[in-house]
Amino acid sequence: MSQTGADLLKQLEDIFESDPLIDEVGFVHPSQFDLLNEESSISSNSSDKAISQATKSTASSEGCSEQKNKSFWNKDHKLGISTSILLPLYKAAKLAFMTALKQYKTYGNQSDEIGNWLPASSSCDLQSILMRHSRSLLLLSCDFMTAWNCRKLVVSKKQQHSMFLDELHLSALVISYSPKSEQAWNHRRWVIKSISAHCSDFKDLLRKESELVEKVAERSKMNYRAWNHRCWLISYMDQEQAVCELKKSRSWAALHVADNCCLHYRSRLLLKMMEESGGSEKNESSGYKADIKQAWKDELDWNETLIKRYVGREALWLYRRFLSMYWINNFLSDSGGTSYNSNYCDPFLENEFCLIDSCLAVQDNEFADFQSQAVYAASYMLWLKVQVPEPLGNVLRAKMRAMDLKTLVDNSYQERSSLFNHFMS
Amino acid sequence: MGELATDKHVKYILSVEKRKDDFESVVMEHLRMNGAYWGLTALDLMGKLDAVDVDEVVSWVMSCQHDSGGFGGNVGHDPHILYTLSAVQVLALFDKMDLIDSDKVTNIVGLQNEDGSFSGDMWGEVDTRFSYIAICCLSILHRLDRISVEKAVKYIISCKNMDGGFGCTPGGESHSGQIFCCVGALALTGSLDLVDKDLLGWWLCERQVKSGGLNGRPEKLPDVCYSWWVLSSLIMIDRVHWISKEKLTKFILDCQDKEKGGISDRPDDAVDVFHTYFGVAGLSLLEYPGLKPIDPAYALPVDVVNRIFFKK
Ligand SMILES: [Zn+2]
């Protein structure tokens, strides 16, 4: 341990100076480090060594390259930081950042009071030092709010478009090692809000932002922060973009059926479509309404296919509740009329009964997934009963008794019995 | 399953504060104020708050306050509403409310936006968590009249989803943590009649999985911290009889490290203060013997809440 934290911090910051395009950071255990170095020396020629130009030159000039190879690894714009140096590196980064922040604030106050008595360059120096150290700190401690805040302060004073874009780059980098970082996602929203009014290719930015979430979601399952960010983007989208996102996210959703976040995202996109269609007069035509109804029907069919293919997936059933609730509230009366009797038959409900029946049929199967499927189907039946207009509720109650759902729930999922009792009475 | 290893947990909480030599603990220093609230409230629920040096803690808390009135997560850190509530709660635990300059802390009313929502700090991020925090904080300080409660409630209701749950902002996915905040805020403002209790209770009770633990969202693994958020919400809307309390108690007790103390998110995982607090708080709501009762909306021991409102 011949290197001090300050040395390590300098090395890290030099690597960033020499390779500003680094787009992925990770903490690497020392044992993996040797492997990384070996692999990269085998796979690369002499001009493309594992350690970047900057590290090499600092290393050789100080004559301890062996040690440094074990601290950082940088290749193809990827940066690995050894877990063995995290503590001294963090302490040094925090100290450097806090010192710079104090100076920056003191300077800011003085210049406010006395005017620009320091040469402009020293203010710039202080700013760039602050930006450098805050970046280092955030790569080690992703939710260090004060470091994010000082960057917002500097960037909002400068109001340069390129600086805003740099912030998007840094937060993406932080997200690459900490996909759930609340502050990094916040920071992105702050940047997007700040530039939304005067950004010429804002639509493109939204598209890229949405793609980033998808990329992150691939590695980080059911990431609430990431998907929340994607939902937030919808408020900036027009109908065309919403429809496009709906199309694009379908195949992803089908491959990640347990990820409720993506299904929620789709529900927001669908609602956005409905909302937009309500507003404009050209959409009032019955043809448009038929289109909407068809889109909803397609989504129901798609969901049904998935429910049958992936047995016992809660998220798919909950999504169906959302879809059918909307259907019941908006489209059911079209086909049914107002007089309900015990022989009443609505094509939508008939289809749902069929689906539920087929899922209940497998309840004797010993596999847990099939038992879950039966309980989800029973709960869905209860959901329909609660959602439909009152006269129909009786029809469904009778149907549920015939299916003997109460016994099913009592036997296989007793915790739900009181819920069922409440809604059946 | 066994019993709650109270003494071990007390020891564990006290030891965490002294650990400063590994990356995992120093890297959390920016939210030390939250950590203090979790640890100290857990100690109080177990009747062991006297194990800490009051003056030391209180003077540290006060050193985190800024001129604006807000508190930072630690000394030298920017103020944020997240830490301000924790600071106020910690001072309430120690009956040191007189140290708070209420008018100054009440500056957080300035964080209310035109639509009734609350920002967390001057940088403007909006979240229903911040609505809860502002309302809880102002209520403890007897200053709820300083904000537009009507607008605040309206905003929270605008975050309600078709499944009965709530998200961070309008259109955000339902999440047990956000639901606790929204239901808590509505409870504190006497607006629970605006909640569809059957619908929300349904969603919440479906968070209980076979092991007895509760998850935060569909398809997620059960987790002790969600046991608190779901359970307290169910209690506030009077639907707690829709889950099995016995199974939940067993799940939390199974998450204890019975040798070294502390509670983890799931059985056999590593313990931390966060889950230790939520585990103890959950058991308190479940009326586990030997624990002080906790208030589901203020997330403070009931005797502390009574002191705040009946001492004046
Ligand atoms: Zn947890």
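**Exercise 1.** Work out which element gives the largest share of the lining of the second largest pocket.

*Solution.* Start with that share: α5(A) supplies six residues, the largest contribution to the lining of the second largest pocket. Keep in mind that we're working with a predicted model. Next, the space: the second largest pocket holds about 680 Å³. Then look at who sits around its centre: 27 residues line the pocket, and the closest to the centre are His66(B), Ser68(B), Asp78(B), Pro79(B) and Met122(B). Now pick out the elements giving two or more residues to the lining: from chain A they are α5 (86–114) and α7 (145–158), and from chain B α5 (81–93).

**Exercise 2.** Find out how many disulfides the whole structure has, and check Cys159(B).

*Solution.* Searching over all chains turns up zero disulfides. For Cys159(B), look for the nearest cysteine sulfur: Cys182(B) has it, 5.9 Å away. A disulfide needs sulfur atoms within 2.5 Å, so Cys159(B) is in none. Now try burial, where under 20% relative accessible area is buried and over 50% is exposed. Cys159(B) comes in at 0%, so this residue is buried. Cys354(A) has 54%, so that one is exposed.

**Exercise 3.** Sketch chain A in terms of its helices, strands, burial, contacts and surface.

*Solution.* Count the elements of chain A: 21 helices and three strands. Turn to burial: 53% of the chain's 425 residues count as buried. For contacts with a separation of 6 or more, 70% join residues 24 or more positions apart. Last, the accessible surface of chain A is about 19200 Å², with 52% belonging to carbon and sulfur atoms.

How values were computed
Residues are numbered from 1 along each chain as its sequence is written. Chains are lettered from A and ligands numbered from 1 in the order in which they are written. This is a predicted model: local features need pLDDT of at least 70, side-chain atom pairs count only at pLDDT 80 or more; totals for chains, interfaces and linings use all residues. Side-chain values use heavy atoms; hydrogens and water are left out. On a 1 Å grid over the protein atoms alone, a cavity is a set of points where a 1.4 Å probe fits but cannot get out, and a pocket is an open set with protein on both sides within 12 Å along at least five of seven lines; lining residues have an atom within 4 Å of a point. Grid points are joined across faces, edges and corners, and a volume is the space filled by probe spheres set on the points. Helices (H or I, at least four residues) and strands (E, at least two) are DSSP runs, numbered from the N terminus. Buried means under 20% relative accessible area, exposed over 50%, partly exposed in between (1.4 Å probe, protein chains only). Contact means heavy atoms within 4.5 Å. Accessible areas come from the Shrake-Rupley method with a 1.4 Å probe; for residues, only the protein chains shown count as cover.
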